[in-house]
Amino acid sequence: MKAAVVQFPGSNCDVDLVKALKQFDVAVDVVSHQQTDVFDYDALFLPGGFSFGDYLRSGAIARFSPIMTTVKQAAAAGKTVVGICNGFQILTEADLLPGQLMQNETPGFICDQVGIEIENPATRFTKAYDRTEITLPVAHGEGRYYADEATVAQLNTQHQVVLRYQTNVNGSSDHIAGIMNEAGNVFGLMPHPERAVESLLGNADGQGFFRSLLAPVDVH
Ligand SMILES: NC(=O)CC[C@H](N)C(=O)O
């Protein structure tokens, strides 16, 4: 797999993500948000951080970055597109995923390890996990996923809810922590699997995410 990690002004999880991808032998380049010619990749990753300082609303400015045209084309072509934390915020702002990330129900930044239920274990992002209850780090101030009732119902019916919080740490609609698009190739999640790939550092539950990505695409 050849992957690109997009660097926006204010990205701060790009280095961790590159390191995690390399740990799983993924060939990875860091590309600027100003680039437009990045068609040569199987997967595009939008990392966590505070793109453009989270001004206006997290992801609201990054959605206008030149690279987002390419990200949309890659998504439409069925390539893998993943947004982690701020990347998820950018994907919803860019209408690549439904809903919105809002300020946490109790305002403030949450930095913690939280229990996560893998709601759909048959996706290209989760299929390598051998269990459905995992622990992942979260770190966000605007992590409360919101969508109207009809959208949440549709996400549930179509099995697009990939991850849920076991305890609803930020007040998200229906405990939603991660969703994918209808086609199953675009994934946004607030937890950080790239920060959980080393047992030595206390948590390796993110490894299943990277293993899943490397398994054949049509097996989901
Ligand atoms: N780690 C992240 O990407 C979180 C930053 C994010 N912009 C926030 O809600 O606070």
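Predicted model: local features only at pLDDT ≥ 70, side-chain atom pairs only at ≥ 80, totals over all residues.

Trainee: Changing topic, which residues does the UniProt annotation "active site" cover?

Mentor: The annotation, from an unreviewed entry, covers C85, H192 and E194. They are spread over 110 residues of sequence yet cluster in space, with a largest C-alpha distance of 11.0 Å.

Trainee: Where is C85 placed, and is C85 buried or exposed?

Mentor: C85 sits in the loop between β4 (80-84) and α3. C85 counts as buried because 30 C-beta neighbours lie inside 10 Å. Beyond its neighbours within four places in sequence, C85 is in contact with C13, G48, A139, H140, M190 and H192.

Trainee: What about H192, then: where does H192 lie, and why does H192 count as buried?

Mentor: H192 lies in the loop between β11 (186-189) and α5 (207-214). H192 counts as buried because 22 C-beta neighbours lie inside 10 Å. Leaving aside neighbours within four places in sequence, its contacts include C13, G48, C85 and A139.

Trainee: Which residues touch the most other members of the largest nonpolar core?

Mentor: L44 and F45 do, in a core of 62 residues. Helix α2 (residues 67-76) gives the most to this core, with 5 residues. Not counting residues up to four places away in sequence, L44 touches A4, V6, V71, A74, K79 and V81.

Methods: Residues numbered from 1 in each chain as written. Core = buried A, V, L, I, M, F, W, Y, C linked by C-beta atoms within 7 Å. Buried ≥ 20, exposed ≤ 12 C-beta atoms within 10 Å, placed from the backbone. Helix = DSSP H or I, 4+ residues; strand = E, 2+ residues; numbered from the N terminus. Contact = placed C-beta atoms within 7 Å. UniProt positions renumbered as here; feature names shortened; annotations may be inferred.
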